[in-house]
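This briefing is for a reader meeting the structure for the first time. Please look over the sequence and the model before reading on.

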Amino acid sequence: MTMKSGQWIIELAGEKTRRTRRMGRAGIAGLMLAGSATAALAADPAAGQQIFRAQCSICHSVAPGVNSIGPTLFGVVGRLAGSVPGFQYTPEHKKLGVTWDAATLDKYLTNPRAMVPDTTMIYAGLKDDVERANLIAYLQTLH
């Protein structure tokens, strides 16, 4: 009886480990998804403004109608790519055919040349997800 009890305990412990491992993987996946949603919801426009000043303001203005080396970013969210009057875009940028929203800006700002290979923007991209979310939150306030 002791031997059978011991075997039963070992088998039960093994089954519990398998269940725990499966639940652990599912739990981790859920936390990762919740983490990305939380990062998007918790984006900080004030922090994004600081990133803009440090990395973007060299070439871009946030004033309406004021282009610099790059086009004004005033009203960028909701605007068709390559459509700022008076700015000379590359042909590929003009043909991009996207309207800038959080998702397209996120993709573009991660690696501009991956999305528009002939872009004249000499910016390698903003690799940090939180900083990029903050920058996009700031850009969304510009209207």
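The structure is a predicted model. Its largest pocket has a volume of about 590 Å³. Two serines, S61 and S68, sit in the loop between α2 and α3.

**The largest pocket**

- The lining of this pocket, which has a volume of about 590 Å³, is made up of 30 residues.
- Closest to the pocket centre are H60, G70, P71, Y108 and M121.
- Sorted by class, the lining holds 20 nonpolar residues, 9 polar residues and 1 charged residue.

**Helix α4**

- The residues T104, L105, Y108 and L109 of α4 are buried.
- A103 and K107 are exposed, and they are carried on the face of α4 that is turned away from the buried side.
- At the N-terminal end, α4 is capped by D101, which has a side-chain oxygen 3.1 Å from the backbone nitrogen of A103.

**S61 in the loop between α2 and α3**

- S61 belongs to the loop that runs between α2 and α3 (91–94).
- The relative accessibility of S61 is 15%, so this residue counts as buried, the cut-off being under 20%.
- From its side chain, S61 reaches the backbone oxygen of V66 at 3.5 Å.
- With neighbours within four places in sequence set aside, the contacts of S61 are F52, V66, P71, T72, L73 and F74.

**S68 in the loop between α2 and α3**

- S68 is likewise placed in the loop between α2 and α3.
- With a relative accessible area of 43%, S68 is partly exposed, a class that lies between the 20% and 50% cut-offs.
- Not counting residues up to four places away in sequence, S68 touches C59 and F87.
- S68 and F87 are 19 residues apart along the chain, and 8.6 Å separates their C-alpha atoms.

Terms used: Residues are numbered from 1 along each chain as its sequence is written. This is a predicted model: local features need pLDDT of at least 70, side-chain atom pairs count only at pLDDT 80 or more; totals for chains, interfaces and linings use all residues. Side-chain values use heavy atoms; hydrogens and water are left out. On a 1 Å grid over the protein atoms alone, a cavity is a set of points where a 1.4 Å probe fits but cannot get out, and a pocket is an open set with protein on both sides within 12 Å along at least five of seven lines; lining residues have an atom within 4 Å of a point. Grid points are joined across faces, edges and corners, and a volume is the space filled by probe spheres set on the points. Ala, Val, Leu, Ile, Met, Phe, Trp, Tyr, Cys and Pro count as nonpolar, Asp, Glu, Lys and Arg as charged, and the others, Gly among them, as polar. Helices (H or I, at least four residues) and strands (E, at least two) are DSSP runs, numbered from the N terminus. Buried means under 20% relative accessible area, exposed over 50%, partly exposed in between (1.4 Å probe, protein chains only). A polar contact is a pair of N or O atoms within 3.5 Å; within protein, one must be able to donate a hydrogen and the other to accept it, and residues adjacent in sequence count only if both atoms are side-chain atoms. Contact means heavy atoms within 4.5 Å.
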